[in-house]
Amino acid sequence: MKVTLKALTEKRLASIVVNDVLLPIGSNEAEFRDLPENYRQQLSERHARIFQDQETIYVVELGSDQGTTLNGDALGTSPVELADGDILIFGVDLAYKIGIEATDFRPGLAETEVNLLLTPSDTHYDLDPVSIQQLPFLIGKEQPALAAWAEKQPYAFSFLSRRHAQLSRDGEKILIEDLSSTNGTWVNGERERGSTRSLQSGDTIAFGQDGVSFRFELLPVSKTSSLPQGTILVSKADSFLDIYCESSPGDVQAESENIASDIVQEEQHQQDKQLMPGLNLSQLTKLQKAVAATLLMVCVFVVVYLFNQDDRPKQIQSLLAEGQSKQAMLLAQAFLSENPQHVDVRQAMQQAMMDSVIPEWLSAYQKQNFSQASQLINALQQQLGEGDKPEWAGTLLWVTEAAEFRQATRDFKQTSLFVDEKKLSGLLESSAKPASQQSPVLRSVIENYPDLKPVYHEALSILRMMKNQANTYLPVIENLKGEVKQALLSDELSGLEETVQDFSKRYPGIKGADELLGDLRLFRSVSSALNEKNLRAFAELRTELSFKTPLFQDAANRQFTHLEDAHVMAERFSIASDNWARGEIQPALSEMERLAAGPWGLSADELFGQWRSHLQEFEVLNSSDAVDLDSTQYANRLSALYLSLDAGKDKWLRQQVSERLQPLESEIKSLATERLQQAQVAWQSYQADRGGIDSSMRLEPRVTSRFRKKAEHLQTAMHRAENARELGFFLDDEVQAQADSLYKDISEEAIRQRLALDRLTSVLEPAVVNAKLALIPVPEE
């Protein structure tokens, strides 16, 4: 097979021809180390591998930081078959098109005969040399050729990982690659960090810094007959599928636990020798042996007798055989409460738990019903005591939560501030626990339930994506939160809006910046109302004093909740306003007058004066003095009063005025038509010359006269159109439709201008933007 990787990212990047059966892909590998820096940075040191097994070409992702995609799909950590024309992308956009040309199949150079000799440097370990005559060769605990090492020196052997390193060939060079082992691979005292490395005769290789070291020699093939006596011969090549398949982060924790166990055993053995140097079974007298044998027989007899008196273990096995796993689990649980050391029943209970939960869990998981999948695991754990909870259950629960989080964030493309970063951090913190269970516990579960294997690899892929997400977004999120918190503590909010808006533009995949901006503006308005002792503004804001983000919720609790006097006065202000709207005029006026005399009385006094002015005008228009006015004058004054009243805040008085307007239909119709015409003229003036406020006016570093003039036209147009609509009940349907249509056009333009100005906070001074915004009218909701 001839394999070619044709660069698609840039034409100037050279194509790669795979002449051997292994192509290492990484930032320091020969074919990639000279890439332009922006592409090389997308590669991890140990990113992926392309290899040939028999007549098939595979690619395997090695848990890189930025991942690998094949035809648009993210790769997990299992080897995937490649086809001619496939598109491989390493990282973000380092793309290659795969070309596969069939040739007469022959063993690759990496599988031809060699004669590699690994001779232990530490003679006190008494380990035999190993002669490797076919490549590739997997070094690890599962390598049958190294079984003799484990038997002779289990402690030294414990430094090896299950898949520790591999030896392969690249042309005339012999390569060694560390397979992300726990204790590392050391060549001439230097630890290998992920890239393949060429070996030279005389090099020293150690598996674990404190493990056994070997002298490496590349000998002529003809010298195999002169090898040292006892040399272990390896005459069969390993498969790259075995080398790269099923390696997982869980091996790291598992290997650490094995090493810790071996160290404890070794230390205990040394202590026993020091404490009881003369104790030896061969030194016991024949009488002692006879007594010990008799006691042992009695114990065995008693145990067998007692066991035969309880047939529940047999019942449990029968239930399992019949597929009644839940009943078997309950019976085993009851039996173990009385006989906790019964090994067979404990194993049967483990099998019963798996049979009763895993098939249902897998079905729910495959249907993406993650809620049901979690409920199944939680229900099982609630039935069991703390010591009986199986390790695999915790792993499956983590896998479920991780998949559910991936679904909720749409493959981590939409992250929500103040919500998802906590979930992401929590899943990553707990990922170490399931990783330790994946081997050997989860692996043994997969042996019974092969359909779990894709789920297992998908979980590892999700874990990698979560780590990428955490590395990319968690630092910038924490930085933003830190800036907001510091601004709130120092009460310096002036530049904070620009910071949040810039964050939103830079990271569109992170949602929640709008809620943060809304809280910031509300917080600033409340603070301004309190600082200015503006009782009216504070009372109105107090009704919507609900912050959506934790940072502003905490700040509001610190600064706003303890202001009891302000809250009491705002409550009184709101009650007086409600009374006024309902038509309870005298109680409303009396309470507002009292508030006007208080420490926050300025805004209350202003509203009190406004109410009295409205009442006086209404009374005049209802009195005998109104007789002196002609119908047009009377209609104008009455309609002016009507338009000055708010539909909600002045509801009762507005209704009274409306009733008096009804008999004046012709005069009010004329006035409404006049206001509509005024709105049309102002709107035409606004649109004349450049079609309104254009980008050049918005970008001016100050409020110029032309900007101000255009804004005044827009304000007049909106105000007159509002008047025409409010008096619209006197207009013909056709004229009413014109008023509504015109108001809609003006409102849309005002909204467009306000949004455009909001986006200029990073370009213009905030004070300039705010001054321009103040001139643009705000449409009614």
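Select residues 48-53 and 56-61: strand E4 and strand E5 pair there in the antiparallel sense, over six bridges. Pick Ile-50; its bridge partner in E5 is Val-59. Keep in mind that this is a predicted model.

Now widen the selection to the sheet. It is open, has four strands in the order E3-E4-E5-E8, and pairs antiparallel. Strand E3 (22-25) and strand E8 (80-81) are at the edges with a single partner strand each, so one side of each has no neighbour in the sheet.

Next, salt bridges. The count is 27. Show Glu-177 and Arg-46, whose side chains meet at 3.0 Å, N to O. Glu-177 sits in strand E15 (residues 173-178), and Arg-46 in the loop between helix H1 (37-40) and E4, 131 residues apart. Both Glu-177 and Arg-46 are buried.

Move to Glu-338 and Arg-312. Their closest N and O atoms are 2.7 Å apart in a salt bridge. The pair links helix H8 (residues 325-338), which holds Glu-338, to helix H7 (residues 312-321), which holds Arg-312. Glu-338 counts as exposed at 52% relative accessibility, whereas Arg-312 counts as buried at 17%.

Then select Glu-421 and Lys-481, a salt bridge of 3.1 Å, N to O. Glu-421 is in helix H12 (residues 420-430) and Lys-481 in helix H14 (residues 452-490), 60 residues apart. Both Glu-421 and Lys-481 are buried.

Last stop: cavities. The whole structure has four of 30 Å³ or more. The largest cavity holds about 70 Å³ of space. Select its lining, including Trp-149, Gln-153, Phe-157 and Phe-207. The lining residues are eight nonpolar, one polar and no charged.

Notes
Residues numbered from 1 in each chain as written. Predicted model: local features only at pLDDT ≥ 70, side-chain atom pairs only at ≥ 80, totals over all residues. Heavy atoms only, no water. 1 Å grid on protein atoms, 1.4 Å probe; cavity = no way out; pocket = protein on both sides within 12 Å on 5 of 7 lines; lining within 4 Å. Points joined across faces, edges and corners; volume = space filled by probe spheres on them. Nonpolar A, V, L, I, M, F, W, Y, C, P; charged D, E, K, R; others polar. Pairing = 2+ DSSP bridges. Helix = DSSP H or I, 4+ residues; strand = E, 2+ residues; numbered from the N terminus. Salt bridge = Lys/Arg side-chain N within 4 Å of Asp/Glu carboxyl O. Buried < 20%, exposed > 50% of the residue type's maximum accessible area, 1.4 Å probe, protein only.
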